[in-house]
Structures are given as structure tokens and as C-alpha cells.
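Keep the structure open while you read.

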Amino acid sequence: MFTRQLKKEVEPIIESIYNDPFIQGIIHGDLKKEAVKHYLKADSLYLNEFAKIYSLLIPKLNDREGIQFLLGQIDFVMNGEVDAHYTLADYAGVDYKTVIEEGEWYPSSDHYIKHMYYNAYRYSDASFTICAMAPCPYVYQQLALKIAERNDLEGNPLKPWVDFYCTNMDELIGHLDRWVDEFSETASDEELNILRKNFVESCIHEKRFFNMSYNIETWEGY
Ligand SMILES: Cc1ncc(CO)c(N)n1
């Protein structure tokens with residue numbers, strides 16, 4: 001299956017994100033609070049756009065069930081995933097709603113968000129956008145499962161963040177994979193290559209997003 005191949009190809013990228021300082025800080029429960037705050041400012045805006053991009057996919061789908069599923073996902077992104085953000089805000093000792101007021105699309109998140117929008121407007125088939133979006137749940141799920149495997153999170157204040165991404169992503173990933181695998185059966189080699197590139201690039205965007213947060217990247221810091 002096409003998506004299985006994609007996932008195999010990005011294993012080294014996920015491994016490298018795992019070794020980066022943001023995820024290591026989560027594992028050791030000592031992630032610097034400034035990095036958490038910067039992440040929250042960027043991610044609250046990223047998720048708003050993610051929800052809006054789902055809404056752009058609705059006209060591209062023809063099955064009722066798929067449309068229904070996307071509506072549920074819009075709700076999850078807007079209202080469910082906030083739980084993971086509250087865990088981080090508590091850890092950083094800040095009020096979530098106050099901290100995100102100062103958020104911006106910093107350079108790396110700006111690039112990632114525009115990568116998804118480009119595909120939504122450029123291609124009529126939803127699969128191109130889905131390949132740019134799928135690393136969002138997939139990379140977090142894989143990182144969370146890898147962290148949880150260590151079995152050393154007792155007493156770590158960030159454990160609920162890890163648990164959240166271990167348990168909430170499966171159904172979504174299944175849906176996204178099915179759409180892309182179905183499209184891939186009739187896609188040309190050129191189209192398959194764009195799908196592959198979109199998926200790989202978004203995994204790299206995920207890496208850059210964590211590093212952006214850790215390094216407090218801003219437009220001022222050029
Ligand atoms: C940037 C980014 N990628 C993935 C997720 C997981 O949904 C998230 N919250 N933010």
C-alpha cells in the first residue's frame with residue numbers, strides 16, 4: 001500500500017525529531033518553559049488553519065460519510081486537541097488563553113501552513129492536501145508511542161500530553177490513509193511523486209516546528 005511506503009520512508013525523520021531537544025525535554029520533563037510558550041502561541045494558530053483547510057476539502061469529497069468525518073475532525077481540532085495544550089500551559093505555569101493572544105505565524109509554521117494551503121488550492125483531488133496534512137497526526141502519534149514505550153514517564157508532568165497523542169490519532173490516520181491509498185491506485189507516477197513529496201516535506205515541517213519552538217524563532221530574529 002502506498003501510505004505504508006510513505007511511512008517507511010519517513011522513519012529516519014521521526015527518529016531525528018525524537019532526538020531533538022523539544023521531544024527530549026518532554027521525555028525528561030525538563031523542557032524549558034519559554035519553548036512551551038512559543039509552541040503554544042504557534043500551535044494554536046496552526047490548528048485554526050488546519051481546521052479551515054479541512055473545510056476546503058469538503059467540496060472535494062463525494063461520500064457522505066467522509067464529509068461527516070471531516071466535520072467531526074474540525075470539531076476535534078477546535079475543541080478536543082485543546083486538552084493537550086492545557087497540559088502544556090499548566091506545565092509552563094501560564095494561562096492558556098492569555099499566552100496564545102500573542103501568537104503569530106513564525107517563519108517555520110508560516111511555511112508549513114502555506115504548504116497545506118497551496119495543495120488545497122492547486123489540486124482538485126483531496127489526496128494532495130491530505131498528504132500534506134497527514135504527518136500532523138502521524139508524526140505526533142509515532143513520537144508519543146515511542147516515548148510511551150520507554151515506560152519512564154511516571155511523575156512526569158507532561159505525561160498527559162504523551163497519553164493524548166498515543167490514544168487519539170488512530171481513527172483519523174486510518175481515514176486519511178484510505179483516501180490516499182484509493183487515489184494512489186489510479187494516480188500517475190508524476191502524481192504519486194507529488195503525494196510522496198508532500199508527505200515527506202510535512203514531516204520535515206513537523207521537525208522544524210518543534211525546533212522553531214525550542215529556538216524561539218521569530219521574524220525579528222532573521
Ligand atoms: C504543528 C503540529 N503538528 C501536529 C500536531 C498534532 O495534531 C499539532 N498539534 N501541531
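## The second largest cavity

Let's start with the second largest cavity, which has a volume of about 40 Å³. This is a predicted model, so treat everything below as computed from it. The lining of this cavity is made up of Thr 3, Leu 6, Lys 7, Cys 131, Ala 134, Leu 176, Asp 177, Val 180 and Phe 199. Two helices, α1 (2-9) and α12 (170-184), are the elements that give two or more residues to that lining.

## The largest cavity

Searching the whole structure turns up 2 cavities of 30 Å³ or more. The largest cavity has a volume of about 130 Å³, and 15 residues line it. Lying nearest its centre are Tyr 46, Leu 47, Glu 81, Cys 136 and Pro 137.

As for which elements build the lining of the largest cavity, α4, α5 (64-80), α10 and α13 each give two or more residues. The largest share, 4 residues, comes from α4. By class, the lining of the largest cavity has 12 nonpolar and 3 charged residues, with no polar ones.

## The ligand in its space

Now zoom in on the ligand's own atoms. One of its nitrogen atoms is 2.6 Å from an N or O atom in the side chain of Asp 43. An oxygen atom of the ligand is 2.6 Å from an N or O atom in the side chain of Glu 81. With Tyr 140, the pair is a nitrogen atom of the ligand and a side-chain N or O atom, 3.4 Å apart.

How much of the ligand does the protein bury? Taken alone, the ligand exposes 290 Å², and the protein buries 99% of that.

## The largest pocket

Finally, the open side of things. The largest pocket holds about 350 Å³ of space. It is lined by 14 residues, and those closest to its centre are Leu 61, Asn 62, Asp 63, Trp 179 and Glu 182.

Which helices supply at least two residues of the lining of the largest pocket? They are α9 (126-133) and α12. The largest share, 5 residues, comes from α12, a helix that also gives two or more residues to the lining of the second largest cavity.

Notes. Residues are numbered from 1 along each chain as its sequence is written. This is a predicted model: local features need pLDDT of at least 70, side-chain atom pairs count only at pLDDT 80 or more; totals for chains, interfaces and linings use all residues. Side-chain values use heavy atoms; hydrogens and water are left out. A polar contact is a pair of N or O atoms within 3.5 Å; within protein, one must be able to donate a hydrogen and the other to accept it, and residues adjacent in sequence count only if both atoms are side-chain atoms. Accessible areas come from the Shrake-Rupley method with a 1.4 Å probe; for residues, only the protein chains shown count as cover. On a 1 Å grid over the protein atoms alone, a cavity is a set of points where a 1.4 Å probe fits but cannot get out, and a pocket is an open set with protein on both sides within 12 Å along at least five of seven lines; lining residues have an atom within 4 Å of a point. Grid points are joined across faces, edges and corners, and a volume is the space filled by probe spheres set on the points. Ala, Val, Leu, Ile, Met, Phe, Trp, Tyr, Cys and Pro count as nonpolar, Asp, Glu, Lys and Arg as charged, and the others, Gly among them, as polar.
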